Amino acid sequence: MFLIANEDAGGGQGRETLHRIRPLLSKDDGVAVTMSAGDARVLAARAAARGQDLIVALGGDGTVNEVVNGIAAAGSDTTLGIIPGGGGNDFAWTLGIPADPVEALAALRTGLPRLIDIGLLTFPPGETRRYVNTFGLGASGHVAKLALAHGRKGGAYSYAIELIR
């Protein structure tokens, strides 16, 4: 297992999550911590290209999105794992992944993989992006943009504030 952790996800929740599960990781598990936006994609692409069989995103939906895009960029069928550590964790919730990080790690160790759909967007002049949860334009995209512009790190509460404004 190769774990990619976004410690800044959920306003620092990712850091707390990593702290909780780090003692439970084996010596064979790799861990990389992102430092800025885009790092999870690069780290996932490298791990997938090396033949890693399970790449785990620890963070929120944005981290999961970056890891999915990294795996896809490597042209790999590497399994994606998720340990919720962000603000909303909508995709993890949809899949029934436990919100408790210790339980989520246990599910990764003992559970069976399942197939998920991956959407593909193509932007002019040919740039592509993949997504696994939802793809939002219009109001949802605008609310997310406002939340980030006002220094909010995401999560249902942050988006609700901007929606009300």
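The legends below describe close-up views of a predicted model. Local features need pLDDT of at least 70 and side-chain atom pairs count only at pLDDT 80 or more, while totals for chains, interfaces and linings use all residues. Residues are numbered from 1 along each chain as its sequence is written, and side-chain values use heavy atoms, with hydrogens and water left out.

**View A. The open sheet has four strands in the order E2-E1-E3-E4, paired in parallel.** Strands (E, at least two residues) and helices (H or I, at least four) are DSSP runs numbered from the N terminus; two strands pair if DSSP finds at least two bridges between them. Strand E2 (30-33) and strand E4 (79-84) are the edge strands, each pairing on one side only. Four bridges join E1 (residues 2-5) to E2, and phenylalanine 2 stands opposite glycine 30.

**View B. Helix H3 (residues 61-73) packs on the sheet.** H3 touches E1, E3 (54-59) and E4; contact means heavy atoms within 4.5 Å.

**View C. Threonine 17 sits in helix H1 (residues 9-21).** With a relative accessible area of 5%, threonine 17 is buried (under 20%; exposed is over 50%, partly exposed in between; 1.4 Å probe, protein chains only). Not counting residues up to four places away in sequence, threonine 17 touches Leu58, Ile83, Pro84, Gly85 and Pro101.

**View D. Strands E5 (residues 119-123) and E6 (residues 127-131) run antiparallel and are joined by five bridges.** Phenylalanine 123 has glutamate 127 as its bridge partner. The hairpin has three residues between the strands, and glycine 126 takes a positive phi near 110°.

Technical notes. Axes are lines fitted to C-alpha atoms, for helices over the stretch in contact, and angles run from 0 to 180 degrees between N-to-C directions.
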